[in-house]
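Biologist: I have the sequence and the model open side by side. Can we go through some local details?

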Amino acid sequence: MTLKSPKLMEARRAAGILESALRGHTGDLTLADASARSGLPLRDAESGLHLLVSEYRGHLKATSEGELLFRFPHGFTKPWEIRTRLERALGFVLRGAAGVARFVVRAWIAIVLIAYVVVFVGILIAQLLARSSSDSRDHGSFSGSFASYVLFRMVFDAIFWTFHPFSPFVWTAEPPWSSSSSYERRGAFGQRRDETPFYEKVNRFFFGPTPAPPDPLENEKLILAEIRAQRGRIGLADVMRVTGLSRDEADPLMARLMLDYDGTVDVSEEGGIVYRFEAIRRTAAEAPSRAPAPVWAKPEELPPLTGNGPGVNALIVALNGFNLMMSLYALGAHLTLDNLGLLARGVPMAELPATGTAVALGVVPLVFSLALFALPLGRALLRPLKRKRLARRNARRSVLRAILTRIGAREAREPITEAVLRRAWQDAAGEAPRSEEITREVVALGGDVDLEAGDGIRYRFPDLETEAKALEAEREAASEDEARPGKVIFSSGA
């Protein structure tokens, strides 16, 4: 009698059966517990449990007997999704508001920095011409009108060809914040020139440099590169080292990657968990894979306030300030549209009726000019808070470095003491940490106080230590044949 090979159940279906069978369960459970309560074969219960760990942010533990324990601290609920939905809704509103604000700023650039400047300059020219025409009426009105047209056209053309985004004479300055900007090129004498459109420089002045969009798969790429560089065997410490994720974030992520990339979990006799990905090692390249740099190798930096050179910022301030002052002048002089028409017909400024409120030339440019000045000022006031938050993130990475570089090292290293972690934090943040901040980081990495230490406070990380030992043994036993794709027996190009 020939036995058929067992048919594997789809992981999603197995997870649904397990979710119904285990609902209401609290505490740890083994693979056998899940199989017995659900009636699923061990192989199907295993795939379903790993899927549930990924979906519901469950935790994995390992016993000294090499047994995996599964735990779901939130049950089969997703309380974080409420926060996520609120964050997404808030983010949507903020992105929409920022988009509208950027549109308004771009429209305001065209109106204020070009049209309003032209209008205000034209008003000044009209006043001069009105004064001169009253003194020389014998020359006729045509010459005055022609001179007014010539002056207005000269001002308009100068502004247009200076600030037009596609103008070959676009105003240039120092290189922008991003060194990889596509707007840079060499000038006539070989010097590097910034050809960022003026409207983009104005946008950066008010909203700051636009950061590059994040790669949603960046963490997965880093982890896969680490897997290939580490002979297909990694642990949670490796994930935290290359991504900066916390242990609670790295654990469910690895459960998902095991399903996506045919991974398995090995548990050493001491309880060290090793994630094995043999299929990912296959490569046609001859050179070994390079490990990605640790997350602390490049500290995060606070982007500049505007990303523009001082000349650009001074020009934008001058243009907006000119509109601000002229709007105040228009309000004081009652430059309504009716009075503007009288001024255009040659009525002297002193004879204009002092009635009405200048909305188009007074209130509107005044409000928007003040709002535009408030944007960079507000961002400047928030920079110390952002700098402190960024320094705290760099400090956490520095503490992570101090811990991970001292765990599993073959050569003798300095023990992990409170003084070591405080020094690592202070070197990155520039200020001494509070005691609860160090305790929070130690607890997040599964550490506790070493009670056997004679002097000072020392910390132990038993999970990371057993993981490091298990990884060392697994990597030494890993065969290089796993990385070879095999002998070519057919080629379409032969």
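Biologist: Start with E278: what is its relative accessible area, and what does it count as?
Modeller: E278 has a relative accessible area of 34%, so it is partly exposed. The cut-offs are under 20% relative accessible area for buried and over 50% for exposed, with partly exposed in between (1.4 Å probe, protein chains only).

Biologist: Before going on, what sort of model is this, and how are residues numbered?
Modeller: This is a predicted model, in which local features need pLDDT of at least 70 and side-chain atom pairs count only at pLDDT 80 or more, while totals for chains, interfaces and linings use all residues. Residues are numbered from 1 along each chain as its sequence is written, and side-chain values use heavy atoms, with hydrogens and water left out.

Biologist: Back to E278. Which residue does it form a salt bridge with?
Modeller: R276, with the closest N and O atoms 3.1 Å apart. A salt bridge here is a side-chain nitrogen of Lys or Arg within 4 Å of a carboxyl oxygen of Asp or Glu.

Biologist: And what does E474 meet?
Modeller: The side chain of E474 meets that of R276 in a salt bridge, 3.2 Å from N to O. E474 lies in helix 15 (residues 462-477) and R276 in strand 8, so the pair ties together parts that are 198 residues apart in sequence. Helices (H or I, at least four residues) and strands (E, at least two) are DSSP runs, numbered from the N terminus.

Biologist: Which residues are in the salt-bridge network?
Modeller: R231, R233, D266, R276, E278, R281, E474, E480 and E482 are linked in it. By the rule above, the count of salt bridges comes to 25.

Biologist: What about R434, which residue does its side chain meet?
Modeller: E437, at 3.5 Å from N to O. R434 is partly exposed at 45% relative accessibility, whereas E437 is buried at 6%.

Biologist: How many bridges join strand 7 to strand 8?
Modeller: Four, and the two strands run antiparallel, strand 8 being residues 273-276. In strand 8, V274 is the bridge partner of D266, and D266 also belongs to the salt-bridge network.

Biologist: K61 is in strand 2. What does it contact outside its sequence neighbourhood?
Modeller: Leaving aside neighbours within four places in sequence, K61 is in contact with D28, E67, L68, L69, R71 and I273. Contact means heavy atoms within 4.5 Å. K61 counts as partly exposed, at 37% relative accessibility. K61 and V267 are 206 residues apart in sequence and 9.6 Å apart in space, C-alpha to C-alpha.

Biologist: P252 next: buried or exposed?
Modeller: Buried, at 8% relative accessibility. P252 is found in helix 9 (residues 247-260). With neighbours within four places left aside, it is in contact with V53, S54, R57 and G58. P252 and L60 are 192 residues apart in sequence, and their C-alpha atoms are 8.7 Å apart.

Biologist: Which residues of helix 2 are buried?
Modeller: L31, A34, S35 and S38, in a helix of residues 31-38. Seen down the axis of helix 2, these fall within an arc of 100°, so they line one face of the helix. The arc is that of the directions from the helix axis to the C-beta atoms.

Biologist: What do they pack against?
Modeller: Helix 1 (11-22), strand 1 (29-30), helix 3 (42-55) and strand 3 (68-71). Helix 2 is followed by G39, whose phi is positive, near 80°.

Definitions and conventions. Pairing = 2+ DSSP bridges.
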